[in-house]
Amino acid sequence: MSTSTTIVSAGATSTADAAPADAAAAPNAALGVASGLTEPRAGLIEDQPRGEGAGAAFGAEAAPGAAPAGAAPTRLTSLDVLESEAIHIIREVVAEFERPALLFSGGKDSVLMLHLATKAFWPGRVPFPVLHVDTGHNFPEVIEFRDRTVERLGLRLVVGSVQEYIDRGELAERADGTRNPLQTVPLLDTIKINRFDAVFGGGRRDEDKARAKERILSLRDEFGQWDPRNQRPELWNLYNGRHTVGQHVRAFPISNWTELDVWRYIERERIELPGLYYAHEREVFARDGMWRAVGDVSQPRPEEQVVTKTVRYRTVGDMSCTGAVESAAADAAAVVVEVAASTLTERGATRADDRISEAAMEDRKKDGYF
Amino acid sequence: MTAQLLSPPALGESTLFRFATAGSVDDGKSTLVGRLLHDSKAILADQLDAVARTSADRGFGGANATGIQKIDLALLTDGLRAEREQGITIDVAYRYFATDRRSFVLADCPGHVQYTKNTVTGASTADAVVVLIDARKGVLEQTRRHLSVLRLLRVPHVLVAVNKIDLVDYSEDVFAGIEANVRQVGAELGLADVLVVPVSALEGDNVVAASPRTPWYAGPSLLEILETLATTDDLEGGLEPFRFPVQSVIRPQGALAPGLADDDGGLAFRDYRAYAGQVASGAIQVGERVTVLPSGRPTVVVGIDFAGTELQRAVAPQSVSLRLADDIDVARGDLIAAAGTFAETSQDLYGELCWLSPKPLREGAKVLIKHGSRTVQALVRVISGKLDLENFREQPASSLELNDIGSAQLRLASPLPVEAYARHRRTGAFLVIDPTDGNTLAAGLVREHPGDHEGERYSI
Ligand SMILES: Nc1nc2c(ncn2[C@@H]2O[C@H](COP(=O)(O)OP(=O)(O)O)[C@@H](O)[C@H]2O)c(=O)[nH]1
Ligand SMILES: [Mg+2]
């Protein structure tokens with residue numbers, strides 16, 4: 001076999017994010033984080049007696065180290081298993097890549113991923129920066145939430161700005177005014193400039209039929225493109241993160257979660273989200289069968305009547321194309337009930353851009369989108 | 001997304017069950033998956049609308065079709081443009097649905113060209129695989145191959161759905177004939193307890209609910225079976241010894257999480273050191289003795305941490321961090337195992353390789369082996385044969401091509417704690433990776449070490 005390409009690998013040791021801006025971080029895996037999200041733990045370093053290792057475990061039938069007969073079986077719920085799988089993936093990526101980053105928009109899926117990362121490296125700090133591709137069409141409370149979270153966890157925030165590309169004339173505003181599709185170029189440039197080799201995304205396979213086909217570790221070529229017909233087989237829980245210079249990997253730790261799983265977990269873990277995920281009063285107008293918020297980038301046309309409604313958002317993104325749903329769900333528990341009974345997917349209900357065609361997401365992903 | 005048939009509180013207690021479909025092209029896998037999703041109310045109105053539009057464009061179901069007959073259920077999983085255009089499934093699709101007992105992760109594995117690759121991929125994580133047979137065709141060569149692969153991978157439960165039973169007029173005789181055939185092949189291959197169910201994916205018979213059109217079939221519907229089968233971890237948690245591949249060392253020192261650094265805890269955590277990983281099999285309790293491999297050093301687990309909570313016990317597949325009594329050298333790639341349960345590590349690896357790459361394998365090739373959390377270089381010394389999937393016997397071979405399942409002997413650059421897949425599903429598996437482009441070449445299953453080969457060993 002030839003050795004014409006160099007593998008940037010995947011060493012056996014975990015490496016911290018070595019961005020210049022992070023030079024102050026501890027060299028060996030700037031592990032760590034925390035939270036406020038988890039209960040403080042008592043008596044951490046107490047020396048435990050070196051017992052004869054729960055000798056009861058060595059039953060006649062069971063192998064040593066197997067569940068002892070008579071011990072209460074540890075029943076893991078589907079959420080426990082999904083959580084454990086996600087943490088395993090996050091730890092693998094951090095161990096095998098030189099410069100990971102996590103896509104963080106302040107949206108619920110990215111907040112969930114960050115929460116999982118804090119658990120994965122406790123009591124250390126989350127050992128990678130977060131990356132936000134800012135459309136400029138933001139809900140102000142989401143940006144405020146983003147900044148507060150980054151501050152609380154002591155993270156570095158890298159922002160790629162769609163607005164700057166438009167101002168420089170490198171991207172053109174679309175006729176429909178939405179900016180979600182414009183995120184691809186700033187995303188790929190930011191990945192390149194920061195030499196990120198792995199980027200965590202909060203994509204879930206239940207969101208879209210194209211996503212349903214994507215691997216948990218998804219290789220992107222030198223142009224950031226996804227080739228759905230040429231994906232590596234993903235076997236057992238052995239993730240192959242090998243890549244060559246210029247390639248990078250998108251990692252989707254919550255691939256196997258559904259929208260309902262996400263909400264049940266948010267409820268269970270009491271994870272804080274931007275307030276607009278819960279019922280609140282807002283001035284809205286109807287367009288394309290959705291309630292659109294009145295805002296700088298989202299103005300009603302003369303024929304569109306503005307009303308005040310109690311609404312909440314199921315996704316947050318470009319404010320100009322993200323719709324709200326009428327809802328009285330004021331907390332996570334109420335949202336769980338609502339999502340379980342919903343007859344529309346979150347994208348169908350609230351994303352004008354994803355309704356364009358059956359292949360909207362596939363086409364964007366091939367170009368390098370999230 | 002799930003079904004309104006569940007009350008959310010019950011969902012919080014539900015368990016996770018992973019299964020895959022396998023079968024030849026056009027046996028109706030995608031339709032079955034679509035049917036399961038549809039009938040368990042996992043398809044929401046907007047998804048159904050989109051599929052209905054595409055189905056109408058193609059004239060699916062014909063002019064006389066009504067209701068659900070007008071919808072090509074396969075379009076619910078055939079998510080790529082090329083798949084919809086060609087009417088085939090190209091790649092494994094993952095779908096999700098839930099009942100009040102279980103959350104399901106479903107892998108729809110296509111049956112054509114790359115069937116071995118797709119079946120092996122889907123089956124590697126599956127608690128069960130549903131093999132489809134077209135009732136008009138019965139057991140085909142490809143069915144035997146699929147069953148062979150499932151046997152090799154030790155999938156805990158194999159179900160056979162005899163599909164399109166509507167096209168044989170719900171005939172008991174046709175079903176009985178196919179069932180007998182399946183049992184015979186199952187016995188030949190050593191597959192125990194294959195469950196055989198007559199279904200019509202298109203019409204919905206025996207998929208979610210028992211069908212009045214098959215009164216001669218007394219068994220449960222496919223979904224009822226899937227709801228009650230034991231998961232891999234349920235089955236093996238009590239039998240397999242504790243295995244824990246170390247993913248990383250958690251030693252935050254100065255880089256503590258902000259909340260912890262501020263208070264007194266900061267001091268307590270200063271010397272914190274634990275080993276992060278996911279329990280691959282078995283269970284561990286605080287106080288139990290373990291051995292760290294490959295060094296062979298014995299020690300005791302003094303703490304099991306999970307994100308600020310101290311656990312007394314952890315089981316597969318929990319992700320936790322272990323604290324050890326002795327200050328010994330443990331690094332990513334090491335394996336922590338229950339004391340007294342591991343014979344030795346080895347630099348010789350004998351394995352079955354499911355070859356998944358168009359690039360053939362030849363003797364003398366240098367590859368990478370990923371096993372647990374460790375990746376090592378390896379030299380392919382001998383390819384000793386490959387399976388004739390028609391009769392499942394080994395025949396001589398000196399190279400492996402796409403879709404071949406062969407056996408090979410590899411020499412590793414450093415020793416690995418390998419154990420036979422036949423007894424250790426989780427720690428007996430490995431990947432073969434191409435060192436030049438990083439692609440995954442094969443799924444590997446560790447074979448029993450055939451004795452001492454000291455004399456043949458040489459270094460690479
Ligand atoms: N009559 C009948 N047709 C079926 C049944 N299941 C699938 N089909 C049809 O068989 C064809 C192939 O189905 P598809 O799900 O794409 O097969 P796959 O290649 O295994 O995924 C399609 O035309 C389906 O509508 C069934 O139970 N009865
Ligand atoms: Mg199909």
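Visitor: Why does A:Thr184 count as buried?

Guide: Buried means under 20% relative accessible area, with exposed over 50% and partly exposed in between (1.4 Å probe, protein chains only). A:Thr184 comes out at 10%, so it is called buried. Mind you, this is a predicted model: local features need pLDDT of at least 70 and side-chain atom pairs pLDDT 80 or more, while totals for chains, interfaces and linings use all residues. Residues are numbered from 1 along each chain as written, chains are lettered from A and ligands numbered from 1 in written order, and side-chain values use heavy atoms, without hydrogens and water.

Visitor: Which residues is A:Thr184 in contact with, beyond its neighbours within four places in sequence?

Guide: Those are A:Asp367, A:Gly368 and A:Tyr369, where contact means heavy atoms within 4.5 Å. A:Thr184 itself belongs to helix 5 (residues 184–193) of chain A; helices (H or I, at least four residues) and strands (E, at least two) are DSSP runs, numbered from the N terminus.

Visitor: What makes A:Phe121 and A:Phe128 an edge-to-face pair?

Guide: Rings of Phe, Tyr and Trp (its six-membered ring) pair if their centres lie within 6.5 Å; planes under 30 degrees apart are stacked, over 60 edge-to-face, the rest tilted. Here the centres are 6.5 Å apart and the planes stand at 85°, so edge-to-face it is. Both of these Phe residues are buried, too. Over all chains there are 17 aromatic pairs, and B:Phe17, B:Phe19, B:Phe97 and B:Phe104 make up one aromatic cluster.

Visitor: How do you know that A:Arg205 lies over the face of B:Tyr94?

Guide: The test wants NZ of Lys or CZ of Arg within 6 Å of the ring centre and within 35 degrees of the ring normal. A:Arg205 is at 4.0 Å from the ring centre of B:Tyr94. The charged end of A:Arg168 likewise sits over the ring of A:Tyr165, 4.8 Å from its centre.

Visitor: What makes strand 2 and strand 6 of chain B edge strands?

Guide: Strands pair if DSSP finds at least two bridges between them. Chain B has an open sheet of six strands in the order 2-3-1-4-5-6, with mixed pairing. Strand 2 (93–98) and strand 6 (195–198) each pair on one side only.

Visitor: How many bridges join strand 4 to strand 5 of chain B?

Guide: Seven, between residues 128–134 and residues 157–163, and the two strands run parallel. In strand 5, B:Val158 is the bridge partner of B:Val129.
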